[in-house]
Amino acid sequence: MNEDNRKLLGKLVVIAVAMFGFGYALIPVYKHICEVLGINVLTQKDGTVAPPDNTQVDRSRKITVELDSNVQGTLRFRPTTSSVTVHPGEMVTVVYEVVNSQGRVVNAQAVPSYAPQSATPHFKKVECFCFKQQTLQAHEAKQMPVMFYLDPKLPKEVQTITLSYTFIEIGGLAEAPKAAAAARAAQL
């Protein structure tokens, strides 16, 4: 009976290690598959996009860009306008507003997404708050611009694009206990 238990334990350890290895290997595989298929692509690399030098604005087309926002955490986050109408090749600036109503410093990062996905490679951001982490002081409000243009090669069937940002609090909950502990220590 003791020998059977050792064999079973050995098999379970091998299975647990294999499951951990599979889960660990799945992360880069998932990222690669998403990148190839254009699913959930984070366009942080757009930070290197320079404004076009000699882009012709296609005035024969109008594209509606709908602006959307989501928040994960305690912040208030919204676009200052719900949509803009642009011509492909035209440089446009829109503004998002974020408010930290907490009595503590909050670090957050914005993650963009686009719909339809066929528009993603044609949406060129020149300046965006999503390129870096944002730090908001206690009770601070910020107006954050996004400067972009749509590549004139945008497919003709695309007439509406939704630009959506999810603002995610990074490590925000960890700071509150530290501040409370520091306040208690100061009282002692």
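**Note on the strands, aromatic pairs and core of a predicted model**

1. Buried here means under 20% relative accessible area, exposed over 50% and partly exposed in between, with a 1.4 Å probe and protein chains only; strands (E, at least two residues) and helices (H or I, at least four) are DSSP runs numbered from the N terminus. In a regular strand the side chains alternate between the two faces of the sheet.

2. This is a predicted model, in which local features need pLDDT of at least 70 and side-chain atom pairs count only at pLDDT 80 or more, whereas totals for chains, interfaces and linings use all residues. Residues are numbered from 1 along each chain as its sequence is written, and side-chain values use heavy atoms, with hydrogens and water left out.

3. The protein chain has 2 helices and 9 strands, and along the sequence they follow the pattern α-β-β-β-β-β-β-β-β-β-α. Of the 188 residues in the protein chain, 31% are buried.

4. Strand E2 runs antiparallel to strand E4 (residues 92-99), to which 4 bridges join it, and phenylalanine 77 stands opposite valine 98 in E4; two strands are taken to pair if DSSP finds at least two bridges between them.

5. E3 pairs with strand E1 (residues 63-72) in the antiparallel sense over 4 bridges, and valine 84 in E3 is the bridge partner of valine 65.

6. There are 10 aromatic pairs, counted where ring centres of Phe, Tyr and Trp (its six-membered ring) lie within 6.5 Å, with planes under 30 degrees apart called stacked, over 60 edge-to-face and the rest tilted. The pair of tyrosine 114 and phenylalanine 123 is tilted because the ring planes stand at 40°, with the centres 5.0 Å apart; tyrosine 114 and phenylalanine 123 are both buried.

7. Phenylalanine 129 and tyrosine 165 form another tilted aromatic pair, at 4.9 Å centre to centre and 45° between the planes. This pair links distant parts of the chain, 36 residues apart, since phenylalanine 129 lies in the loop between strand E6 (123-128) and strand E7 (134-136) and tyrosine 165 in strand E9 (residues 160-169). Both phenylalanine 129 and tyrosine 165 are buried, and Phe77, Tyr96, Phe129, Tyr165 and Phe167 form one aromatic cluster.

8. The largest nonpolar core has 31 residues, and those with the most contacts inside it are Val65, Tyr96, Phe129, Tyr165 and Phe167; such a core is a set of buried Ala, Val, Leu, Ile, Met, Phe, Trp, Tyr and Cys residues joined through side-chain atoms within 4.5 Å. At least two residues of this core come from each of E1, E3, E4, strand E5 (106-115), E6, strand E8 (141-150) and E9. Leaving out residues up to four places away in sequence, valine 65 touches residues including Val84, Val86, Phe123 and Leu163, where contact means heavy atoms within 4.5 Å.

9. Glutamine 143 is in strand E8 and, neighbours within four places in sequence aside, is in contact with Thr80, Val95, Tyr96 and Glu97. The side chains of glutamine 143 and glutamate 97 make a polar contact (2.8 Å), that is, a pair of N or O atoms within 3.5 Å, of which, within protein, one must be able to donate a hydrogen and the other to accept it, residues adjacent in sequence counting only if both atoms are side-chain atoms.
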